[in-house]
Amino acid sequence: MLDYEDEILLEQYITYNYMNSDTRDLCMNLILHMKEINDSDVSLNENANREYRINTMRFGKYGMGIKFNGIISNENESRLIDGVIVRKENNYFVKANLYRLDEYLDDEDRDYSIIEHFIIMNDHIKRKSYSSVTGIYCVDKLPLFDETYLYDYYKSMIDRGFQRIQC
């Protein structure tokens, strides 16, 4: 659990409107476990890192779902991401649009969409993923969300911010 000071520092990177921190944490877990974030099939070259970090993210209630937008990046490229998360019982549907910011890409290669379906079960999470670029549909079995992992992720965001300020 983050203390009050860490929560204030985290708000520089993750903001949320009309929801509590537990809902924010669930949304962050869903986004962090998206195939496009932790094992993207779309990259500038085949040897590039396929994992992205969240730089900033904003969440807000939107009808029956939660709308989000932010910036993700790795050492090779940055992307804008926006979308919506909708819940139905133990099913979470994430529809996201991504816009690649690399200046050397042609316009038709810049934006694409993905759909992720998470089914949370008692002992694991089933993730179904589809990308409009690759046309690949895949199903993965993931471990349940780990509160410690998310806490460590938040702390690393805060620490990275301090490193940028000190430079």
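Predicted model: local features only at pLDDT ≥ 70, side-chain atom pairs only at ≥ 80, totals over all residues.
Trainee: Why does Lys 67 count as partly exposed?

Mentor: Its relative accessible area is 41%. Partly exposed is the class between buried, under 20%, and exposed, over 50%, so Lys 67 belongs there.

Trainee: How far apart are Lys 67 and Leu 9?

Mentor: They are 58 residues apart in sequence, and their C-alpha atoms are 22 Å apart in space.

Trainee: Changing topic, what is the phi of Tyr 18?

Mentor: The phi of Tyr 18 is near 60°, a positive value in a residue that is not glycine.

Trainee: Where is Tyr 18, then?

Mentor: Tyr 18 is in the loop between β1 (14-17) and α2 (21-32).

Trainee: Is Tyr 18 buried or exposed?

Mentor: Tyr 18 counts as exposed because its relative accessibility is 73%, and the class begins over 50%.

Trainee: What about the phi of Glu 89?

Mentor: Glu 89 is not a glycine either, and its phi is positive, about 55°. Glu 89 sits in the loop between β4 (78-88) and β5 (91-100).

Trainee: Why does Glu 89 count as exposed?

Mentor: Glu 89 counts as exposed because its relative accessibility is 62%.

Definitions and conventions
Residues numbered from 1 in each chain as written. Heavy atoms only, no water. Buried < 20%, exposed > 50% of the residue type's maximum accessible area, 1.4 Å probe, protein only. Helix = DSSP H or I, 4+ residues; strand = E, 2+ residues; numbered from the N terminus.
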